[in-house]
Structure formats: structure tokens, C-alpha cells
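Student: I would like to learn how to read a protein structure one feature at a time; could you guide me?
Tutor: Gladly, so please open it beside our conversation.

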Amino acid sequence: MSQMVKKDNKQKIPKFSSYWIYGIVVVTLILISTMNMGQEPQKLSYAKFEKVLLGSRSIDKIVIIRNELKAEVSLKKDSVEKYKDLFVVPTQIPNVGPHFIVDIPSIDSFEESRKAIETSEQRDIPLFYEQRSNVIGEVLSFAWPLLLMILIYFIFFNRMTGGAGGGGIFSVGKSRAQVIDKDSNVNVSFKDVAGLEGAKDELVEIVEFLRHPDKYTELGGKIPKGALLVGPPGTGKTLLAKAVAGEANVPFFSMSGSDFVEMFVGVGASRVRDLFQKAKAKAPCIIFIDEIDAIGRDRSRGRGMSSNEERENTLNQLLTEMDGFGTNSGVIILAATNRADILDSALMRAGRFDRQINVELPDLNERSAIFDVHLRPLKLVEGFDKSFLAKQTPGFSGADIANVCNEAALTAARKEKKFIEKQDFLDAIDRIVGGLEKKNKIITKEERKAIAYHEAGHASISWLLENAHPLVKVTIVPRGKALGAAWYLPEERQLTTKEQILDEMCSTLGGRAAEEVVFGRISTGALNDLEKVTKQAYAMVTYYGLSEKLPNLSYYNFNDEYSLTRPYSDKRAEMIDQEVSAIVAEQYERAKQILRDNAEKHKELAELLLEREVIFSEDLETIFGPRKGSAKEDEDEAEAVKEPVENVEPEAASAEKDAL
């Protein structure tokens, strides 16, 4: 127990910093300057000196400083108390002279006054002349700009190098990796990582490689040298690395790709060498490089335009250390990036990163597991049903889900609630997806009506088209930059057909189509819709090969991002533009026709939206009936088939039953 206390006390001692030296120097100068406060001579005016002291016999001596035109006056010891009133603070009278300092107008005028008194009183006044020079002051006045520049340089250099190590300028080439070992307090484990079961399995195996290498090498196999975590932002790549650090009983070196990058030539390569040198000394161990694309970009891209020789030197050194002439037995490299497509091919080859672990956006079941983790610390209302959360958050990453839970808690606290309810989560999701409501935004009556018919157009077509995303709710309350918004529940699918893309495009164009059909004019409110539709149309033609005139062709090239040439001719570019325009125009006309065919129901929905400001899928079902392809529609069709069978004669009914 005593050893633990000693350890804790030792950890509480603050680390030494170079700024301590600056503070000590400043405090010392202040102490020196204030050490003799109260012992300095009292400043006295020349008129009072001439009237009170110059003619008295109390003066021990007067020292005239020629170059400063000052007189230092020292009193006799038995006369100090007599002139106590001349001191501002009588209790702080100097023990020895000089007691007063006087500014004299000129030496000639002082000499005239002194000679007049000596002649009238027949005595000599003890007088001395000196020529003084302040050597320290002159040196400081000359040297302080140079000292200031040196001080600024060292502070600036220290910040630019991030205060690397404790050696200042001499440690700029040292690795700044954070070392996590078995004594470090890392509380994250694989149990804290919800979902991502496939990625966890591969990382668990990597940890097992280091714990029990003989199990895998006795058959002649080799331990993988590296694993690359690839996935969109917020999916948990860094969290998985933290879990590895918490689970592994080996040293864990954590570093960001940007930590290698420096403004000084050769520093990045030096830090790579130092990192691997430290790792080899502590093998077996794991090196984790987060955001490796900061130094691992493809060297063949943009050469001559935006090449960075220092970054390339750093990458070359990294490639050499990972699988060069030397050996790295017992050192496994983990890296994370969301831009695997721009990494250098030499970095991605087997022998450096033997495995690529895809960390994708969570599906329905994985989102439910992630919500379970983030709901643990929250105070939920009794009987809270959390099953709806995963369904309401398609496409959300783990970071987004954590933000939803936190925002729901803040929303409940803002409303002075003691517990978090379902509506708080729904409000949190709405705020994250669409932004904060702006009910006080100034909108005219005509604009409000146009917004209502616009959003009702989206809702109507999405409900009537089988392949469009099902609607959740629609609002005309301004939220974020949008004047209105519609929430959909995308179907979680791995493949998308041409019909599904066209139905989604038609639904997206339903807002502008509604404005033209109802009001005979269009507005700028469909900007976001047009951007989305244009991207979908170009993707259909140039990426997915879903065009009728240009089928089975894809012009998407990951490895030529910075190329200034197109992989097709001008004639083919014209064909692509014509095909894109035709697809968009066809879906726009289709949207207008659907709205004309359902004009009364569209109007009823828009008026309901104007009245309530927010409507839900239940309201659309009341107006349009069950959505095509929904479970309720299947039930209604079954009832419609059953009714005629029940009304026919018994013999016919049985025949129908047999036929079915």
C-alpha cells in the first residue's frame, strides 16, 4: 500500500519545462530590483536644498555628477534626525549617505551659490566632482535587442517542433510517439467496441500473434507485418486501435501521420528511424500510425505541380523501415485512414500491410449494439423502448450515434426534465440531420405556401413510387439553411437498381415540379435537389454504366485523381451531357405527370402541412392510402381477394380454394 502511495505522489510531480527557466530569471530580476527599496537617496528639489541644507553645517559631503547634473548630498550622522521631515517615509532613512539626490540647473549656478555661502560664513563646504558611466546599463541597452531576438527564436523554434522531448533543438528529429505499455491506464477494450465484429476478429488475432507466436510459427507461417484500417470517418478506426492498446500485453507506440511532417528538411525521416529503433528495442510491440495518408500519398500524383520532397523522403524512409534490408521481427504496424485510394502502391503491397481491415458504417443490428453502449450512462425514462433508435438512424456512424445520445441528454436538460424521453432522441436526430429550428425566421405568406406545396410534392411522389425511400415526416419549419425538410427512411441495401435510382430522382425533383404545376413558376428553393439529381445522373452515365446510349462503361479512375485529361473524347463528353440532360428531363416530366394525376390529394396534403407545419407518414397513408409494397397494402389485397370467394356459392368457393 505504501508503495502505491509513493507512486501516486511521484506521478503528481509536474514535469520540468524550459519555461521554468524564463520564470526564474524574471523573478530574480524583480527581487534584485526591489532588494534595496527604501534605502535609495531621497529626491529633493534644488530650491529646498539651497534654502535648507546648503547653508547649514549638517552636510558631510556633496558629490557632483558632471555628466548627469546631479548632486548627491550626505548628512552627518548626528544631523539625520534633525532633517527627518524632508523624507517622504521617515522610517526608511538610509543608514549611510548619500541621503538626498538633487537635480542642479547647471554647475556654474551651483558654484556661485556655494562660493557665496563659503564667503559669508568663512568655511569650506566638502565638495567632490565625479564622471560616472553605467556600464551594465550601456551593455544592456546595446545587447537587449539581440537577447530579445534570441529569446523569440528559441520560443518560436520550440513551438514549431512541438517542444519535442526534453532536449529542445537537439531532439527535433526524435520520435514523439506516445508509448503505452502494461503499466499504462488504458480503459478501452474490445468489449467497449460495439459492432464491427469482423474487424475485431482480425485485430484479436493480431494481438494473439504477439502473445502466442509459437502457435502460428510452428507450422512454418510468418506473423503479418502490418494491418491497415480503412473506412469512412467516425466508424471507430482509432477506437479499435485503443482497444488493441488496452488488450495487448506488449508496448504500443501511437503516433499521427502529421507528427512526422515538419518544416525542417530531414526531420520526418529522422523521426521514422527513431520510432522504429525504439520499437525494435521493445519488440514484440505494435506501432499505430493514425491518418497515415498525411505521409503515405501516392508519389506519382501531381509531380511537378504540388510535389513535396520532404513528405516523399519521409515515406521512403517508412517503406524502408517496414520491409527493407533489415529485419523488424516482432514489430507489427497498424495504420488507419479514410483515404485508402490515394495511398502509394508500394505502401499497400503485401509484406508491408498484409491485411486491409474494412471498417464500414454500421448496419441495423450494429447500430443497436452501439446505442446500447452509449445509452449506459444516460438517465432514461422508465420503460424506455430503444428499438426505434437504430431504425431512425440509417447511415449514421458510431461517432454520429454518440453525438445523438449526447444531444438527446442536452435537449432533455434544456427542457428541465429529470429523465430522457423518446421525443428528446427524435429532436436530437432532427437537429443533427437538418440543423436547429428557426421558427422566428421571417417568411412571407406566399413563400410559406410555396414551401408547403414544394415539400408536399416530395412527399407525394416518394409515397406513390414503390422504389423511392419511404417518408418519415415533413416540415415547413425552417431548420438550418433549409426552409423546409423531409425525412426519409432509406432501405438498407447492398445493390441499387436503375429503377430505384430513377424513382429517387423523380421524388427529388417533385418539389420543383409541384411549384411549376401549381403556381406556373419555379424558384431557387430547389438548389439542393438539383445538385443531388445532377450527381446521380452523372454517376449513372459515367460510373455505373446504366445509360441506354452508353451502357457498360465506367470512367471512374481512382489512380488518376489529379489528371488534367479526361479518359474520353470531346464527342463522348457531348454524348454524356446529352444523356444526363435527357435522364433528368424525363424524370422531371414524370414527376409533373404524377402530381397532375393526384392533384387533389397533393393539394390536401399541402393544406394540411400549412395548418400543422409538421406531418408524418400516417397522414400520407390517410390521404393516399397504404404505400405500394408495404405490409398493410399486402393485407388489403388479401382481403380484396377473399371477399368474392366468401360471396359465391359453396361449390364455387371450394373450387376456387382448390385452384388457389
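Student: Does α14 pass α15 in a left-handed or a right-handed crossing?
Tutor: A crossing is called left-handed if the near helix is turned anticlockwise from the far one by less than a right angle, and right-handed if clockwise; here α14 passes α15 in a right-handed crossing. Before going on, please note that this is a predicted model, in which local features need pLDDT of at least 70 and side-chain atom pairs count only at pLDDT 80 or more, while totals for chains, interfaces and linings use all residues. Residues are numbered from 1 along each chain as its sequence is written, and side-chain values use heavy atoms, leaving out hydrogens and water.

Student: At what angle do α14 and α15 pack, and which residues in α14 meet α15?
Tutor: Axes are lines fitted to C-alpha atoms, for helices over the stretch in contact, and angles run from 0 to 180 degrees between N-to-C directions. Helix α14, residues 398–414, and helix α15, residues 422–434, pack at about 120° with their axes 8 Å apart. With contact taken as heavy atoms within 4.5 Å, the residues of α14 that meet α15 are Asn403, Val404, Cys405, Glu407, Ala408, Thr411, Ala412 and Arg414, and their counterparts in α15 include Phe425, Ala428 and Ile432.

Student: How many helices and strands does the protein have?
Tutor: Helices (H or I, at least four residues) and strands (E, at least two) are DSSP runs, numbered from the N terminus, and the protein has 24 helices and 14 strands. Of its 660 residues, 38% count as buried, where buried means under 20% relative accessible area, exposed over 50%, and partly exposed in between, with a 1.4 Å probe and protein chains only. Among contacts with a separation of 6 or more, 74% are between residues 24 or more positions apart.

Student: In what order do the 5 strands of the open sheet with mixed pairing lie?
Tutor: Strands of a sheet pair through backbone hydrogen bonds, either parallel or antiparallel, and two strands are taken to pair if DSSP finds at least two bridges between them. The order in this sheet is β1-β4-β3-β2-β5, with β1 (42–44) and β5 (127–130) as the edge strands, each pairing on one side only. Neighbouring strands are turned by 25° against each other on average, direction ignored. Helix α4, residues 107–121, lies across β2 (59–65) and β5, running at about 170° to β5.

Student: Which strands form the open sheet of 3 strands, and where do the side chains of β13 point?
Tutor: Its order is β13-β12-β14, with antiparallel pairing, and β13 (485–488) and β14 (614–616) are its edges. Strand β12, residues 471–475, is joined to β14 by 3 bridges and to β13 by 4. Lys473 stands opposite Phe616 in β14 and has Trp487 as its bridge partner in β13. In a regular strand the side chains alternate between the two faces of the sheet.

Student: Why can β7 be called largely enclosed?
Tutor: The reason is that 5 of the 5 residues of β7 are buried, with Gly226, Leu228 and Val230 on one side and Ala227 and Leu229 on the other. This strand runs parallel to both of the following partners: 5 bridges join β7 to β10, and 4 bridges join it to β11, residues 355–358. Leu229 stands opposite Ala336 in β10, whereas the bridge partner of Leu228 in β11 is Gln356.

Student: How many residues does the largest nonpolar core have?
Tutor: A nonpolar core is a set of buried Ala, Val, Leu, Ile, Met, Phe, Trp, Tyr and Cys residues joined through side-chain atoms within 4.5 Å. The largest one has 27 residues, and those with the most contacts inside it include Leu228, Ile292 and Phe353. Phe353 is in contact with Leu228, Ile292 and Leu347, among other residues beyond its neighbours within four places in sequence.

Student: Where does Glu416 lie, and what is its phi?
Tutor: Most residues other than glycine have a negative phi. Glu416, in the loop between α14 and α15, has a positive phi near 60°, and at 67% relative accessibility it counts as exposed.
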